[in-house]
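This report walks through one protein chain.

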Amino acid sequence: IPSAGCHSGALPAVVGERRTLVVAGAERRYLIDAAASPADRPQPLVLAFHGFRHSAAGLRAGIGLAEHAAAGDFVAVHAEGRDGVRLLNTVGRGWDLGPEGTGDAVFVRALLDALEQERCIDRRRIFATGFSNGGFLSNLLGCQLADRLAAVAPVAGARALDTCAPAAPMPILFFHGTADQIVPPRLTTAAEGWWRGANRCGDGEEARAGCTASRGCAADVVVCEGPQGHTWPSDATARLWEFFQAHPRRSVAK
């Protein structure tokens with residue numbers, strides 16, 4: 001489903017260009033990568049959110065989404081968190097963790113509106129991922145933005161979302177390491193349980209490409225657990241892109 005930015009002609013390549021957006025009176029920033037492409041060919045969009053007290057540029061340099069964007073697989077956007085977030089007994093740049101926080105969801109909605117105007121985006125293929133605190137946000141957006149996102153993939157950060165009610169079932173792929181000393185794996189286990197309920201899963205699990213998938217779900221709930229600590233697994237980017245490709249949205253609100 002083409003966005004408002006689709007038209008005749010061609011769109012130029014952008015490589016890590018920094019953009020600003022004013023949302024609720026505050027300036028928010030992000031980096032965008034996209035290959036040159038026909039302006040009438042809708043492209044998937046992948047949003048990525050960095051960890052606490054880190055940056056969009058740091059995440060962009062370390063996980064390989066920009067390289068996928070340069071190859072024309074999708075438009076990649078690495079967003080910058082807001083300053084003044086309290087977490088881990090300190091204050092820094094970060095994101096909302098749970099459904100009591102709505103400011104970042106407002107920002108991401110405005111960001112999607114802007115990106116859909118600027119580039120030719122396929123509105124059925126908009127995805128989100130994130131690491132650590134950014135993983136918590138991608139998990140949260142899976143519920144709060146279930147009307148805009150097609151699938152999400154939190155890495156080393158997720159939690160149960162209490163009374164949040166997604167507008168539609170949301171495919172979700174979790175990554176977590178059993179040796180993680182920063183974000184306890186039990187939080188992702190709790191998030192998996194919450195999403196099993198939200199996605200109306202049945203009983204039991206099955207192995208799927210080295211990961212574990214819940215059975216009988218209205219939308220997939222998959223967990224990839226490894227021996228790593230608090231880090232982005234070397235195979236996570238390839239795995240999440242494969243997952244995203246398999247999960248376009250079934251429908252899009254007008």
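## A buried cysteine and its link

Cys164 counts as buried, because its relative accessibility is 16%. Buried means under 20% relative accessible area, exposed means over 50%, and partly exposed lies in between, with a 1.4 Å probe and protein chains only. Cys164 forms a disulfide with Cys143, at 2.0 Å from S to S. A disulfide here is a pair of cysteine sulfur atoms within 2.5 Å. The torsion about this S-S bond is -110 degrees, and the link of Cys143 and Cys164 is left-handed. Cys143 lies in helix 4, and Cys164 lies in the loop between strand 10 and strand 11 (172-177), so the pair ties together parts that are 21 residues apart in sequence. Helices (H or I, at least four residues) and strands (E, at least two) are DSSP runs, numbered from the N terminus. Cys143 is buried too, with 3% relative accessibility.

## Basis of the model

The model is predicted: local features need pLDDT of at least 70, side-chain atom pairs count only at pLDDT 80 or more, and totals for chains, interfaces and linings use all residues. Residues are numbered from 1 along each chain as its sequence is written, and side-chain values use heavy atoms, with hydrogens and water left out.

## The other disulfides

How many disulfides does a search of the whole structure find? The search finds four. A disulfide is a covalent bond between the sulfur atoms of two cysteines. With bonded cysteines counted along the chain, the pattern is 1-2, 3-4, 5-7, 6-8.

Cys6 is joined to Cys120 by a disulfide, with 2.0 Å from S to S. This pair links distant parts of the chain, 114 residues apart. Cys6 sits in the segment before strand 1 (10-11), and Cys120 sits in the loop between helix 3 (103-118) and strand 9 (121-131). The torsion about the S-S bond of Cys6 and Cys120 is about 95 degrees, so this disulfide is right-handed. Cys120 is buried, with a relative accessible area of 2%.

Another disulfide joins Cys201 to Cys217, again with an S to S value of 2.0 Å. Cys201 lies in the loop between helix 5 (185-198) and strand 12 (205-208), and Cys217 lies in the loop between strand 13 (211-214) and strand 14 (221-226), so the pair ties together parts that are 16 residues apart in sequence. The torsion about the S-S bond of Cys201 and Cys217 is about 110 degrees, so the disulfide is right-handed. Cys201 has a relative accessible area of 17% and is buried.

## Overall build

The chain has six helices and 14 strands. With 254 residues, a compact globule would have a radius of gyration near 18 Å, and the 17 Å of the chain agrees. That radius is taken over C-alpha atoms, and the globule rule is 2.2 Å times the number of residues to the power 0.38. The C-alpha atoms fill a box of roughly 50 × 40 × 35 Å, taken along the principal axes.

Of the 254 residues, 54% count as buried. Contact means heavy atoms within 4.5 Å. Among contacts between residues at least 6 apart in sequence, 67% join residues at least 24 apart.

## Surface and charge

The chain exposes about 10,700 Å², and carbon and sulfur atoms supply 51% of it. Accessible areas come from the Shrake-Rupley method with a 1.4 Å probe; for residues, only the protein chains shown count as cover.

The chain carries 26 positive and 26 negative charges, and their mean positions are 3 Å apart. Lys and Arg count as positive, Asp and Glu as negative; His and the chain ends are not counted. Each charge is placed at NZ of Lys, CZ of Arg, CG of Asp or CD of Glu.

## Leu145

Leu145 is found in the loop between helix 4 (133-144) and strand 10 (151-155). Is Leu145 buried or exposed? Leu145 is buried, with a relative accessible area of 0%. Leaving aside residues up to four places away in sequence, Leu145 touches Ala105, Val108, Arg109 and Leu112. Leu145 and Ala246 are 101 residues apart in sequence, and their C-alpha atoms are 19 Å apart in space.

## Positive phi in loops

Asn89 has phi near 60 degrees, a positive value in a residue other than glycine. Asn89 is placed in the loop between strand 7 (82-87) and strand 8 (90-94). Its relative accessibility is 88%, so Asn89 counts as exposed.

Asp162, also not a glycine, has a positive phi near 55 degrees. Asp162 lies in the loop between strand 10 and strand 11. At 48% relative accessibility, Asp162 counts as partly exposed.
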